[in-house]
Amino acid sequence: MENILVISRHPEILGVVVRLINQQPDWNAIGTCVDQEALQIFQQENIALVLLGNGILPEEEEKLRAELLAINPAVLIIQHYGGGSGLLVCEIRQALEHKVILG
């Protein structure tokens, strides 16, 4: 089971993304809108991938990436700003299977 941490500033979108990810049998999504909570989850859980969603400002993203990579330099961090559930699943699957950072 791959744990995926989803961070978004929009609770409604976050809920949809978490639900879509959790429909995949080998994935477990954990979502939050709050950076500090995200960092706590990241430290407590074995996170394979961090998905950054809508509403995160560039300076917030830069800080988040630096803090996440300081904890685990090998973590995969990708961005997803929409485009449908098929695209979301493909982006995550490609990143996990090929250890490719897409964003």
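Q: In which helix does Glu-97 lie, and why does Glu-97 count as exposed?
A: Glu-97 lies in helix H4, residues 85-98, where a helix is a DSSP run of H or I with at least four residues, a strand is a run of E with at least two, and numbering starts from the N terminus. The relative accessibility of Glu-97 is 55%, and a residue is exposed over 50%, buried under 20% and partly exposed in between (1.4 Å probe, protein chains only), so Glu-97 is placed in the exposed class. Glu-97 and His-10 are 87 residues apart in sequence, and their C-alpha atoms lie 28 Å apart in space.

Q: What kind of model is this, and what limits apply to the values?
A: The model is predicted, and local features need pLDDT of at least 70, side-chain atom pairs count only at pLDDT 80 or more, while totals for chains, interfaces and linings use all residues. Residues are numbered from 1 along each chain as its sequence is written, and side-chain values use heavy atoms, with hydrogens and water left out.

Q: Why does His-80 count as buried, and which residues is His-80 in contact with?
A: His-80, in the loop between E4 and H4, has a relative accessibility of 7% and therefore counts as buried. Leaving aside neighbours within four places in sequence, His-80 is in contact (heavy atoms within 4.5 Å) with Leu-51, Leu-52, Gly-53, Asn-54, Leu-87, Leu-88 and Glu-91.

Q: What makes the pair His-80 and Glu-91 a polar contact?
A: The distance between their side chains is 2.6 Å, and a polar contact is a pair of N or O atoms within 3.5 Å, of which, within protein, one must be able to donate a hydrogen and the other to accept it, with residues adjacent in sequence counting only if both atoms are side-chain atoms. The side chains of Gln-79 and Glu-61 also make a polar contact, again at 2.6 Å.

Q: Why is Gln-79 called partly exposed, whereas Leu-52 counts as buried?
A: Gln-79, in strand E4, has a relative accessible area of 24%, and is therefore put in the partly exposed class. Leu-52 is found in strand E3 and, at 1% relative accessibility, counts as buried.

Q: Why are the buried residues of H3 said to line one face of the helix?
A: Helix H3 (residues 58-71) has 14 residues and reaches 20 Å from its first C-alpha to its last, close to the 20 Å expected at 1.5 Å a residue, the expected span being 1.5 Å times one less than the number of residues. The buried residues of H3 are Glu-61, Leu-64, Arg-65 and Leu-68. Seen down the axis of H3, these residues fall within an arc of 100°, so they line one face; the arc is that of the directions from the helix axis to the C-beta atoms. The face turned away from the buried side carries the exposed residues Glu-59, Glu-62, Lys-63 and Ala-70.

Q: What do the buried residues of H3 pack against, and what makes E3 mostly covered?
A: The buried residues of H3 pack against strand E1 (2-7), helix H2 (35-44), strand E3 (47-52) and strand E4 (76-79). E3 is described as mostly covered, with five of its six residues buried.

Q: Which elements make a right-handed β-α-β unit with E4?
A: E3, H3 and E4 make this unit, right-handed meaning that, with the strands pointing away from the viewer, the path from the first strand over the helix to the second runs clockwise.

Q: Why are the buried residues of H2 said to line one face of the helix?
A: The buried residues of H2 are Asp-35, Ala-38, Leu-39, Ile-41 and Phe-42. Seen down the axis of H2, they fall within an arc of 160°, so they line one face, whereas the face turned away carries the exposed residues Gln-36, Gln-43 and Gln-44.
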